[in-house]
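The sequence and structure are shown first.

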Amino acid sequence: MRDFLVCLSVLYIFIFLTCVFLSKWIRVSQGTICCSFILFSLTLSILAYYVIPPYGWDLRRHFDLLEGIRNSHLSLKEFLFQTRTNIGGSAYTSLVAFNFIRYFIARLTDNNHMLPWLCVLADYLIISYIATDWVLENTEDGKVDFFSLMLCFSFYPFVHAVSGMRTALSVAIMGLGIYRYLYKRKGICGFIVLAVIAVTIHQVALIAVPFVFLARFRIGVRGIMFVFLASVLLERMTAFFSASGFRYLVRIAWLYNRYTSDNQYRAGRYNLYGDIILMCIMVIIYLLLQKDGDTIFLSQKHNEIYSFLIYYMCFVLGNIGNYDLVLRPSYLLGVFAPVLSFLIRKAEAKYVWNDKYLLGFLKIIMYGICMFVCYRHTEILVNGLKI
């Protein structure tokens with residue numbers, strides 16, 4: 001059964017990607033597109049379910065911690081707000097939302113693989129919603145282009161979504177909150193609720209919050225300069241957080257020191273350099289489109305979502321040299337891959353290029369990077385995990 005489901009999932013993924021690649025020549029309804037993306041999310045979650053994590057993966061550690069939760073006799077209240085036992089890992093005692101998920105999986109099933117299945121399914125359902133909703137409102141055919149998918153899997157690798165599922169799920173939920181707040185113009189209360197859930201899964205999602213509110217102010221290049229300055233001063237800010245005595249600020253400072261230490265994650269240089277080059281190209285294209293005071297969009301909601309993404313990318317680029325502070329925050333850009341891809345379409349529509357071949361050259365570089373990064377991740381999944 002395992003081999004059959006894995007093969008069936010891989011077959012559907014291949015068919016899905018082929019249809020997206022040929023979507024310009026295929027007529028399909030919006031309902032069919034939505035259903036195909038739901039099935040795509042489900043097949044990815046099935047692959048995640050059957051992953052057998054090798055030594056060193058976070059997923060293996062989470063499986064061990066789930067066994068500890070399952071064998072404990074704590075009630076939900078005792079587990080969520082424990083002060084002494086640290087069942088489930090001392091590093092996760094403040095992560096209420098993640099502990100809630102783990103507790104019910106441990107209590108309702110004996111199968112640890114339900115945890116990555118649920119997390120990956122939630123990840124890609126959120127990504128699918130944003131992708132299909134964006135193209136429905138911003139394109140004539142309502143179809144997600146193939147470049148969007150490549151951007152998504154480059155910034156938001158499937159392998160990392162399985163192993164580093166806390167970061168991936170946290171960022172996906174934060175991305176949903178940002179999309180609803182900045183673009184869909186929903187109330188701030190909904191954004192706060194989703195942000196709290198995201199931060200209590202993994203605090204890395206908190207990085208995005210200042211740029212959400214900064215995007216509300218149309219300060220252009222000054223905002224970019226401010227973001228770079230904040231990146232330079234971040235190390236001093238963490239010292240203030242450490243001395244604040246506020247639990248979550250202290251935790252953020254601890255995470256910053258951890259992810260910028262000599263022991264930080266240093267594998268996958270191709271992914272790191274790929275993310276950096278892609279972000280640089282996106283920022284360059286945006287600035288070229290904004291030159292001479294020109295605006296890309298007339299609507300405020302479009303300008304705000306792109307302002308957020310540019311500020312966010314500039315902040316991440318300001319942390320070059322810190323592997324984890326580039327790779328992990330970049331997951332959020334994968335959630336917004338269709339939005340970034342649409343920026344390329346706008347660049348093609350506006351004749352702002354001194355050399356008509358410049359944009360084509362940049363696109364070739366981006367396609368090449370995405371294809372290489374996606375290939376390496378697929379290689380790890382197939383050869384390393386042997387699923």
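H1 passes H2 in a left-handed crossing, where left-handed means that the near helix is turned anticlockwise from the far one by less than a right angle, and right-handed that it is turned clockwise. Helices (H or I, at least four residues) are DSSP runs numbered from the N terminus. The model is predicted, so local features need pLDDT of at least 70 and side-chain atom pairs count only at pLDDT 80 or more, while totals for chains, interfaces and linings use all residues. Residues are numbered from 1 along each chain as its sequence is written, and side-chain values use heavy atoms, with hydrogens and water left out.

**Helix pairs**

Axes are lines fitted to C-alpha atoms over the stretch in contact, and angles run from 0 to 180 degrees between N-to-C directions.

| Pair | Crossing angle | Axis distance |
|---|---|---|
| H1 (residues 2-21) and H2 (residues 30-49) | roughly 140° | within 9 Å |
| H3 (residues 58-71) and H5 (residues 96-108) | about 70° | 9 Å |
| H2 and H6 | about 155° | 8 Å |

Angles under 35 degrees count as roughly parallel, over 145 as roughly antiparallel, 65 to 115 as roughly perpendicular and the rest as oblique.

The axes of H1 and H2 cross at roughly 140°, which makes H1 oblique to H2. On the H1 side the contact (heavy atoms within 4.5 Å) includes Leu 5, Val 6, Tyr 12 and Phe 16, and on the H2 side Phe 37, Phe 40, Leu 44 and Leu 47 are among the residues. It has 12 nonpolar, 3 polar and no charged residues; Ala, Val, Leu, Ile, Met, Phe, Trp, Tyr, Cys and Pro count as nonpolar, Asp, Glu, Lys and Arg as charged, and the others, Gly among them, as polar.

H2 and H6 are roughly antiparallel to each other, and their crossing is right-handed. Residues in this contact include Ile 33, Phe 37, Ser 41 and Tyr 49 of H2, with Trp 117, Leu 121, Tyr 124 and Ser 128 of H6. By class, the contact of H2 with H6 has 16 nonpolar, 5 polar and no charged residues.

H3 and H5 are roughly perpendicular to each other, with H3 passing H5 in a right-handed crossing. His 62, Leu 65, Leu 66, Ile 69 and Arg 70 of H3 meet H5 residues including Phe 98, Arg 102 and Tyr 103. This contact of H3 with H5 divides into 7 nonpolar, 1 polar and 3 charged residues.

**Cavities**

A cavity is a set of points on a 1 Å grid over the protein atoms alone where a 1.4 Å probe fits but cannot get out, and lining residues have an atom within 4 Å of a point.

Of the 13 residues lining the largest cavity, Phe 37, Ile 127, Ala 131, Leu 149 and Cys 152 lie nearest its centre. H2, H6 (114-138), H7 (146-155) and H18 (337-349) each give two or more residues to this lining. By class, the lining has 11 nonpolar, 2 polar and no charged residues.

Definitions and conventions:
On a 1 Å grid over the protein atoms alone, a cavity is a set of points where a 1.4 Å probe fits but cannot get out, and a pocket is an open set with protein on both sides within 12 Å along at least five of seven lines; lining residues have an atom within 4 Å of a point.
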